Amino acid sequence: MAKSQADHLVDRYLSHQGPPFSDNGAKVPQAKVEDLPTLDQNNLPSSPWKRLNLSLRAFLSLREWLAAVHLWQRSLNPKAWELLNLLEIAESNSRAISSNLTALLGRQDVSSPSLTALSTTMKKKVAGYMVCKSFHEWLNQTERDLVILLAESSV
């Protein structure tokens, strides 16, 4: 269910940001957002267990980023109920996933990183898009890794 909702999050997000984000066929602005965990398929470790450790760190960060994006969107698009709901669900899912990964990996030393402050509306919109996209990508990668581990286990 989390995956289905995440599939809609990026599109819903873009549709409520106005031009150039919502323009039909427009190229969405891309930017490196400091402290945002991005998924680089070319630099992932070969072990699914090691990738899950990366996923844990990503979701710990993403839950804070999603909370920030939700707050920004409540100010920028207070009547975009569907978007606000999807952001709230994504934040909740990120908390649950990080909690489950913490337990699965037997980690005790988990803490949420701090976020980089953003000042302008455009920076917040671009960062929000990158956060939604990153959440979607990490969710898909984590699912792939869990499927591999389940297939290899005797449970």
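Me: Asp145 and Arg51, are they buried or exposed?
Reply: Asp145 and Arg51 are both buried, where buried means under 20% relative accessible area, exposed over 50% and partly exposed in between (1.4 Å probe, protein chains only). This is a predicted model in which local features need pLDDT of at least 70 and side-chain atom pairs count only at pLDDT 80 or more, while totals for chains, interfaces and linings use all residues. Residues are numbered from 1 along each chain as its sequence is written, and side-chain values use heavy atoms, with hydrogens and water left out.

Me: What do Asp145 and Arg51 form?
Reply: Asp145 and Arg51 form a salt bridge, with the closest N and O atoms 2.6 Å apart; the term stands for a side-chain nitrogen of Lys or Arg within 4 Å of a carboxyl oxygen of Asp or Glu. The pair links distant parts of the chain, since Asp145 is in helix H4 (residues 121-152) and Arg51 in helix H2, 94 residues apart; helices are DSSP runs (H or I, at least four residues), numbered from the N terminus.

Me: And how many salt bridges in the whole structure?
Reply: A search of the whole structure finds 5. One of them joins the side chains of Arg12 and Glu82 at 3.4 Å, N to O, and this pair too links distant parts of the chain, Arg12 being in helix H1 and Glu82 in helix H3 (residues 81-105).

Me: Changing topic, what is the mean pLDDT of the protein chain?
Reply: The mean is 89, and 92% of the residues reach 70 or more, on a scale of predictor confidence in each residue from 0 to 100.

How values were computed: Helices (H or I, at least four residues) and strands (E, at least two) are DSSP runs, numbered from the N terminus.
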